[in-house]
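Please examine the structure shown below before reading on.

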Amino acid sequence: MVRNLKLIFILFKHSSKRYLENRWSTFGNFVSASLEIAIFIFFISFIFSFTKSLNGWDKNHVLLLVGISQLVTALYNFLFRRSVNRFPDLVRAGELDLLLTKPMNTQLYASFRSTKPFELLNTITGLAITAYALHQIGNSFGILNWLLLLVGITCGVLVLYSICFSFTILSFWSPKLSSASSILEILTTPLTLPTDIYGQPMSFIVTFVIPIGLVVTVPVKLFLGSISAYFILIEVLLTLIFFYGCTRFWNYAVKGYTSASS
Amino acid sequence: MSDTIIDVKNLRKYFKVHQKEPGLSGSIKSLFSRKYYDVKAVDDISIEIKEGELVGFIGPNGAGKTTTLKTLSGLLHPTSGHISVLGYKPWERKPEFQRKFSLVMGQKNQLWWDLPAQETFILNKEIYEIPTDQYNQTLNELVELLEVQDLLKVQVRKLSLGQRMKMELIAALIHSPKVLFLDEPTIGLDVVMQKKIREFLKEYNLSHNATIILTSHYMEDVKELCERVIVIDHGKILFDGKLDEIIKKFATHKTLEIVFEEDIDPEKLKELGKIKQFEPPKAILEVKRSKVSEVAADLLKQFPVEDLNIIEPDIEDIIREVFAGRLLS
């Protein structure tokens, strides 16, 4: 465990050094991500000018959801996005060969080899929207609520990682596959809306089957107290199941790896 | 034998490859129904390699050299057969095993492209859990041997191909592996750099008693480094032994280079062997190995010979002919 953390720290350090060279593109990404969020907030304000609530969610609660979803995706992008999206290149170029001969947790290396430290900038937008939404809601929340939110966000990032990484593992069989980035787009777009608005059975499906509801809606509902605190156990359990499934899938793929031709 | 550290028996590695009919209709058809066939990349080979040996694997493209190395290093799961490297089954990829070998591929790199090479060495220090003292000592030794003191802090992408290969070797040897698999380590390098890499490998093999298996398309690599050579083609071993034994085994002829004192009748010369070249006063004659002494004596007796040389065929020519199948039939 300590060794793995040490390894993650070194990979993080290496990535930071590498990205210091590309700071302008990072600032550019920050501006475009913030703009995207600003447009979305405008869109939400527009919708709520016609109605007071979306299946029980008022404007400020939806804004809170937008803030948390921005936070979760920024954390995912910071930790995993680049490594996950570029994984098929490793398979295609045969560089995975050298990785697999090393005495380490290869999934960990493949997942953290390209962290993007400057993506953390985007968490500022998420935190700002969250703070604004909380101010508008006006309630004071206890330690338990914050703790539930923290665990929920951690689970959300892990669920997002498990889904995207599982898709990228498919490149073992089809190295030209670049679906991980598209999957992320598909998954993160509805994150900014509460899954309740889809109605049943869709709401159930997007929470438990294609678990995007676990990523943001459930943590926010836990925080707001609109579902029982015990639901966190289900959230953690489902996260562990998805993460375990992803790891098993990785091990299976690595075992059958046929390597690129020299 | 006790000092055998690589033991391979009846190793087979087949790949399933799908066969696609030509054209757009073939591509569409292959989406729904595919025909597969087996490619026998490695087909029933057996090898024993002892500690400290430096063995050369030679063969044409697609012969099975790299697949063998990948199977020995645990990257590929064998289709069948027995493999033991340092007492481990490589495909189990046990960390204890992985700490004891290294794989270097001339066409792939493990160095972080945008960072100085020393950053990759530091990462490997953690991956291989090398104590700091040992790391510093090994690094200094390798840096000195490869003369790269000034390049440690230079971004990898700014290094020349040869300099990069030197750094790749340091990254691969920083944990002092007992076994080193080298897949075309000198590919693309100029002759001076090839020589330097060869000298380094020879020195490393001797000083660390490391077992090295090397594949290369350059015969010079094999000639200079490897006492033992394994010739492989179509996944099968054609020869396993000392390099000079290849000549004895496969070269059925020798060449006689003759300079005559005066003009001679080529028709008469033909009776003694096959004329490869006739440019008076010089001639080159190919004769069967078993008849060389007899033919040389006849030449001296029947012709006004000023000079006579008996030449062994070039090893590269022999190997080229072995791969072309001319010496096997």
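With which residue does B:K70 form a salt bridge? In this predicted model, the partner of B:K70 is A:D97, and the closest N and O atoms of the two lie 3.3 Å apart. Across the interface of chain A and chain B, the rule finds five salt bridges.

The interface itself may be described next. Chain A contributes 30 residues to the contact and chain B contributes 31 residues. The size of an interface is often expressed as the accessible area that is lost when the parts come together. Here chain A and chain B bury about 2800 Å² between them, and 59% of this area is on carbon and sulfur atoms. Of the area that chain A buries against chain B, 22% is supplied by A:H14, A:L98 and A:P103, more than by any other three residues.

Attention now turns to the cavities. Strand β5 of chain B gives the most to the lining, with three residues, while β5 (101-105) and α6 (161-173) of chain B each supply at least two. The lining residues divide into six nonpolar, five polar and one charged.

Chain B has a mean pLDDT of 88, with 98% of its residues at 70 or more. For the complex, the predictor gives an ipTM of 0.77 and a pTM of 0.80.

Technical notes
Residues are numbered from 1 along each chain as its sequence is written. Chains are lettered from A and ligands numbered from 1 in the order in which they are written. This is a predicted model: local features need pLDDT of at least 70, side-chain atom pairs count only at pLDDT 80 or more; totals for chains, interfaces and linings use all residues. Side-chain values use heavy atoms; hydrogens and water are left out. Helices (H or I, at least four residues) and strands (E, at least two) are DSSP runs, numbered from the N terminus. Ala, Val, Leu, Ile, Met, Phe, Trp, Tyr, Cys and Pro count as nonpolar, Asp, Glu, Lys and Arg as charged, and the others, Gly among them, as polar. pLDDT is the predictor's confidence in each residue, from 0 to 100. Contact means heavy atoms within 4.5 Å. Buried area is the accessible area (1.4 Å probe) that two parts lose on being put together, summed over both. A salt bridge is a side-chain nitrogen of Lys or Arg within 4 Å of a carboxyl oxygen of Asp or Glu.
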